[in-house]
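User: I would like to learn how to read the features of this model, one at a time. Please give the general idea and then the case here.

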Amino acid sequence: MAQSLELLLIQFLMPDNDARRQAEDQIKRLAKDPQVVPALIHHLRTAKTPNVRQLAAVLLRKKITGHWAKLSPQLKQLVKQSLIDSITMEHSPPVRKASANVVSIVAKYAVPSGEWPDLLPFLFQCSQSAQEDHREVALILFSSLTETVGNAFRPHFAALQALLLKCLQDETSNRVRVAALKAVGSFLEFTHDGDEVIKFREFIPSILNVARQCLASGEEDVAIIAFEIFDELIESPAPLLGDSVKSIVQFSLEVCSSQSLESNTRHQAIQIISWLAKYKSNTLKKHKLVIPILQVLCPLLAESTDESDDDDLAPDRAAAEVIDTMALNIPKHVYPPVFEFSSVSSQNANPKFREASVTALGVISEGCSELMKSKLEPVLHIVLGALRDPEQMVRGAASFALGQFAEHLQPEIVSHYESVLPCILNSLEDASDEVKEKSYYALAAFCENMGEEILPFLDPLMGRLLAALQNSSRNLQETCMSAIGSIASAAEQAFFPYAERVLELMKNFMVLTNDEDLRCRARATELVGIVAMSVGRMRMEPILPPYIEAAISGFGLEFSELREYTHGFFSNVAEILEDSFAQYLPHVVPLAFSSCNLDDGSAVDIDECDDEIANGFGEVSSDDEAHDEPRVRNISIRTGVLDEKAAATQALGLFAQHTKISYAPYLEETLRILDKHSSYFHEDVRLQAIIALKHILTAAHAIFQSQNDGAAKAKKLLDTVMNIYIKTMVEDDDKEVVAQACTSVADIIRDFGFAALEPYLPQLVEATSLLLREESACQQIESDSEIDDDDASHDEVLMDAVSDLLPAFAKSMGAQFAPIFAQLFEPLMKFAKASRPPQDRTMVVACLAEVAQNMGSPIAAYVDRVMPLVLKELASSDATNRRNAAFCVGELCKNGDDLALRYYDNILRGLHPLFGESEPDDAVRDNAAGAVARMIMVHPESVPLNQVLPVFLRVLPLKEDREESMAVYSCVSTLVFSSNPQILSLVPELVNLSAQVVASPDETSEVKTLVGRTFSHLLSLYGQQMQPILSNLSPAHANALSAFAPRS
């Protein structure tokens, strides 16, 4: 075989394609025989030309896996010795490396079984050889062997680390230093033990030296390995970086700001800063690195990008992503330097810097939203000024920034509509299509959160948009439709005059079938659903069928985004038609099922490490080659499919919610899908599954009521849903998904009552406690060098949802909630610490108020712990906090028994400012009145009524919070019926109050009846004496009261 094989190897290397093919076929046949191994070994050591020796090694690497077990011990020894000889004696570097690759494959089988005890001693010896080639190849082998037999190195880890550090500092050979750098990267990837990894900290200075030398000599691909090593260190939960973080950041900043380097190299450097911002943000703060980083990254936003560059690697785009990450993680530290950069750059003569000034503000608007909301004037001054810039790129960036503001700075941004909307209207006329498109985006985002404020602008806006819809590029038409959708949502019924024209235009878009037009068709489908929601069922139902038909036919066009928007359209239609939507279920539910069951289309790239010479050998393989485990380099998911799945999942829930009993045929399959999607890998799909499960439960409740075995089925379904929710609360790693599970559980408790929930109570309480202690999966953060208490990473939305569970439990259980509340009280109170942000204390006080209201008298045990906090919050600068505190004080007094009595003086002092002119918020004043009413009802003798009642009555009737009506007016009524002398001295005020309440369109009939009876009692007491007061009332008020006057 050896002789014929040599000829075939030579023939394979010929330029003649036919000769190559013949050689390949014959080699494939010979390769099935184990004797091919000694033959290839022979040629590896004896062939005259390096190309043939290299090809023999490459083929050996491919075939050795399938044949190794069948070789005799003597042959195995020959293979091992020949490979070591090749590595130490071979003059050609490519052949040496190819032989090293075979060693790593053989070692995978021979080392674990104890068949190659000499390998590691040989490598250690080789790595300390005087010959540069030997040191280099040993390090290359250390790199590749970590992937196959890494565990064999564990006993020698300390020696290996010392060796690698020495080789990184090799004084004579750059090749050895580079090989050592690669070996460090491989070992770090393999090592997960914190104590072992932490030893790599001392490598950082040497790694930085090697990386700098590589950059200087043009070996950028090697320098990138340094960034990969830093990436591993940053992502490790161990506090690995220490003071070295400064050197790493400095090096990364040098690289990312060097325009002479390749985009990919600079991108890797920027990525390190991004990982630090994401995983070690406190370290950046501790070492005062935030400002130096931003001083480099902000100017990168002004860097001109070559159009041929890969957008994802462009430094300006990468810098924007890092600034965004930093803003999300350390907003307080990011906003001041970025605002300073923007203020200065907005005056720069270079338009790229003026563009960067507004881009930076747009980029940080999500992370720094709270800071920017409180300082909107100066920020808007820069952006609205840039909208008038002579340069198109600056105006485009300003429109983008304004769109970001509209998305993230709600609701404060809307209050500036009088200055913002005219500027956007002006930009819609811009000469540049790009500026127009971004202005329509800004308009869409801005109008989405507007209400009736939009009405004065409706006509000019719709005039521009309808014209643009008919005379613009497809891109612009898409954005126009998005803007019209926002306006329709804001204007509601006032949109009706424009609806017919918009719907007529949409018909043309909903029949487009060319690939390049399908995004427009998707937007048009979405817009019809939004317009339908605005104008309502009565006007839409008769004209819907052709739109539904067009939407269904769009599913045949195989365009994921169109299917996604079509599910949204059907969801909207289901909402307006409710039970009438049942006629469409047989057509639309299967479409949603098919989207839910789509393959994700994961694209996996395999990192092939064959030498180029082997490219022709794709087919020369044996069945055993599957044992070679290639490294997965990159996994990418088709995001369109994810969005489509999320929309379809949402649609199933809404169909069930709005058609209830008619949804029965689809219940089982829907539950199967939602169960699967509740643990889906992407959080968007999980979120929609968690929401939809609650709707399914509601629909099933209606369906099962009419069935004989309905109770058993309902119990089984509730079991499934509750188990999913409890598992999500504890195990899901996304805060929004967990928040939604908590909200759904609270809704179920309210809807189904305690009896239905009792079996799950222990698990629910444990899950709630875990979340309050911030120990659930979604609250685990990478450990850092230090975490500030005021920066503790918890999410307001999540904790609001968690804290809503306690009142839900209390409402369904009443006083029985007391032992459970005892377990949850301390974890809850942790959020009331002074170091916590104000919204945390808002959450705690609101939660305590509702628990006190619903649990009743057991709250008395907590009065002394809670009252000091609540009294302090009465003076908060935040209106929501003052309102919650006033409500909580009232409930504590009502249910706190005599324990609350000792605080009455302090409470009245704390409430007094809330009744005065200095209190700007009506809801705060209403809750203060509710608190005083409850105090009087429980202990009238402890309230100085002669001082309190005039102030109390002066703020009535209630202006905003009608939930306080029964408490407030019951108090007044009780005092009147008990002939309290203090209240009877205020008859004129009482008559005026009664008139306003009974005439109010906002009060319930129950409240009006109560107040009317009180007035009637006053009339029976004072009769004619009240005539002068009554005659001063307005006709409307007099008429309203007359209904309650006794008939003579």
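**Reading the model**

Analyst: Ser-427 is found in helix H24 (residues 417–427); helices (H or I, at least four residues) and strands (E, at least two) are DSSP runs, numbered from the N terminus. This is a predicted model, in which local features need pLDDT of at least 70, side-chain atom pairs count only at pLDDT 80 or more, and totals for chains, interfaces and linings use all residues. Residues are numbered from 1 along each chain as its sequence is written, and side-chain values use heavy atoms, with hydrogens and water left out.

User: Is Ser-427 buried or exposed?

Analyst: Buried means under 20% relative accessible area, exposed over 50%, and partly exposed in between (1.4 Å probe, protein chains only). Ser-427 counts as buried because its relative accessibility is 5%.

User: Which residues does Ser-427 touch, leaving out those up to four places away in sequence?

Analyst: Contact means heavy atoms within 4.5 Å. Under that rule Ser-427 touches Leu-387, Val-435, Lys-436 and Ser-439.

User: How do I read Leu-674 in the same terms?

Analyst: Leu-674 lies in helix H35 (residues 667–677) and is buried, with a relative accessible area of 0%. Not counting residues up to four places away in sequence, Leu-674 touches Thr-649, Ala-689, Ala-692, Leu-693 and Ile-696. Leu-674 and Arg-686 are 12 residues apart along the chain, and their C-alpha atoms are separated by 8.5 Å.

User: What do the totals for the chain look like?

Analyst: The chain has 53 helices and 2 strands. Of its 1048 residues, 55% are buried. Among contacts in the chain with a separation of 6 or more, 74% are between residues 24 or more positions apart.

User: How is the length of a helix checked?

Analyst: The expected span of a helix is 1.5 Å times one less than its number of residues. Helix H23 (residues 392–408) has 17 residues and reaches 24 Å from its first C-alpha to its last, close to the expected 24 Å.

User: How are H23 and H19 covered?

Analyst: An α-helix has 3.6 residues a turn, so residues three or four places apart point the same way. H23 is mostly covered, with 13 of its 17 residues buried. In H19 the buried residues are Val-334, Tyr-335, Pro-337, Val-338, Phe-341, Ser-342 and Ser-345. They pack against helix H17 (290–300), helix H18 (315–329), helix H20 (351–364), helix H21 (369–373) and helix H22 (376–386).

User: At what angle do helix H26 and helix H27 cross?

Analyst: Axes are lines fitted to C-alpha atoms, for helices over the stretch in contact, and angles run from 0 to 180 degrees between N-to-C directions. The axes of H26 (residues 458–470) and H27 (residues 474–491) cross at roughly 150 degrees and come within 9 Å. H26 and H27 are therefore roughly antiparallel; angles under 35 degrees count as roughly parallel, over 145 as roughly antiparallel, 65 to 115 as roughly perpendicular and the rest as oblique. By class, their contact has 12 nonpolar, 1 polar and no charged residues (Ala, Val, Leu, Ile, Met, Phe, Trp, Tyr, Cys and Pro count as nonpolar, Asp, Glu, Lys and Arg as charged, and the others, Gly among them, as polar).

User: How do helix H48 and helix H51 pack?

Analyst: H48 (residues 965–977) and H51 (residues 1005–1022) have axes 10 Å apart at an angle of about 20 degrees. That makes H48 roughly parallel to H51. The contact of H48 with H51 has 8 nonpolar, 5 polar and 2 charged residues.

User: What should I look for in the backbone angles?

Analyst: Most residues other than glycine have a negative phi, and most peptide bonds are trans. Here the peptide bond from Gln-410 to Pro-411 is cis, with omega near -5 degrees, and Pro-411 sits in the loop between H23 and H24. Another cis peptide bond joins Leu-956 and Pro-957, with omega about 5 degrees. Glu-558 has a positive phi, near 55 degrees; Glu-558 lies in the loop between helix H31 (545–553) and helix H32 (560–577) and is exposed, with a relative accessible area of 63%.
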